[in-house]
Amino acid sequence: MTTIPATPASSIRLAPSILSADFARLGEEVRAIQAAGADLVHFDVMDNHYVPNLTIGPLVCEAIRPHVSIPIDVHLMVEPVDALIPLFAKAGANIITFHPEASRHVDRTLSMIRELGCKAGLVLNPATPVDWLDHVMDKLDIVLLMGVNPGFGGQKLIPGTLGKLRAVRQRIEAHRAGGGQPIWLEVDGGVKTDNIGEIVRAGADTCVAGSAVFGAPDADGGYAGVMRELRRRATL
Ligand code: DX5
Ligand code: ZN
């Protein structure tokens, strides 16, 4: 049984995106990132409809589940979303996030995720207004802010992400001050050692990193080396 810690083992949570892993050796890859200190496995689901790419589904989630004990963080880039949610919950997902534009009934979809025993979250694209959060704060365990347009790994962080992170952080703190539940603020896309400091200072507590982790040269300590460096720069 995977338990999700209330606070990360270190100051931030790191969620390597397996989009940049070697898909021919996925079991080995997820074991390696867990051994190297990852807090979550970020699992990117793309449907060639909501985004122009096609990746992995519940069968692959189920296949990697026995290889790790850390939570699997499923990021749905699919439209429509509802039919896939029970399949991912059954396949061992612990966190399920989706893009609000891709659901007809956002409130209902969030409730469904929680009823299935998973943490629920909304994902905001670079041009998606933060107002989407307004009437569902009570139903959120996580907000995932895209630092790039979704669909591909290895893109550059869009600078406007930092201001948006600050805006969402403010909403989360106001919600907490009013007695609301904790909500994680995760950022996805373009996170590297040279920008993670400003990303965390702008309010992120959870960082996805795909190409930065899986592209890490062995000479720099491989996955463990880059994750150590990401944490170090995040706290400078
Ligand atoms: C993009 C995905 C991201 C992506 C991040 O649509 O949601 O998770 O893999 O990759 P990097 O860290 O390489 O930008
Ligand atoms: Zn993602």
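The largest cavity has a volume of about 210 Å³. The model is predicted: local features need pLDDT of at least 70, side-chain atom pairs count only at pLDDT 80 or more, and totals for chains, interfaces and linings use all residues. Residues are numbered from 1 along each chain as its sequence is written, chains are lettered from A and ligands numbered from 1 in the order in which they are written, and side-chain values use heavy atoms, with hydrogens and water left out.

A cavity here is a set of points, on a 1 Å grid over the protein atoms alone, where a 1.4 Å probe fits but cannot get out. Grid points are joined across faces, edges and corners, and the volume is the space filled by probe spheres set on the points. How many cavities of 30 Å³ or more does a search of the whole structure find? One.

Lining residues have an atom within 4 Å of a point. There are 23 for the largest cavity, and Phe 152, Gly 153, Gly 154, Asp 188 and Gly 189 are the closest to its centre. Strand 2 and strand 8 are the elements that give two or more residues to this lining; strands are DSSP runs of E, at least two residues, and helices are runs of H or I, at least four, numbered from the N terminus.

What takes up this space? Ligand 1 does, where sitting in a cavity means that more than half of a molecule's atoms lie within 2 Å of its grid points. The shell around ligand 1 has 20 residues, and the closest include Asp 44 and Ser 211; a residue counts if one of its heavy atoms lies within 4 Å. Strand 2 (41-46) gives the most to that shell, with three residues.

Now the polar contacts, meaning pairs of N or O atoms within 3.5 Å. An oxygen atom of ligand 1 is 2.6 Å from a side-chain N or O atom of Asp 188. For the side chain of His 75, the distance is 3.2 Å. At Gly 190 a polar backbone atom is 2.9 Å from a ligand 1 oxygen. Ligand 1 alone exposes 380 Å², and the protein buries 100% of that, with areas from the Shrake-Rupley method and a 1.4 Å probe.

Two backbone details to finish. Glu 79 and Pro 80 are joined by a cis peptide bond, with omega about 0°, and Pro 80 is in the loop between strand 3 and helix 3. Asn 48, in the loop between strand 2 and helix 2, has a positive phi, near 60°, though it is not glycine.

Definitions and conventions: Polar contact = N/O pair within 3.5 Å; in protein donor to acceptor, adjacent residues only side chain to side chain. 1 Å grid on protein atoms, 1.4 Å probe; cavity = no way out; pocket = protein on both sides within 12 Å on 5 of 7 lines; lining within 4 Å.
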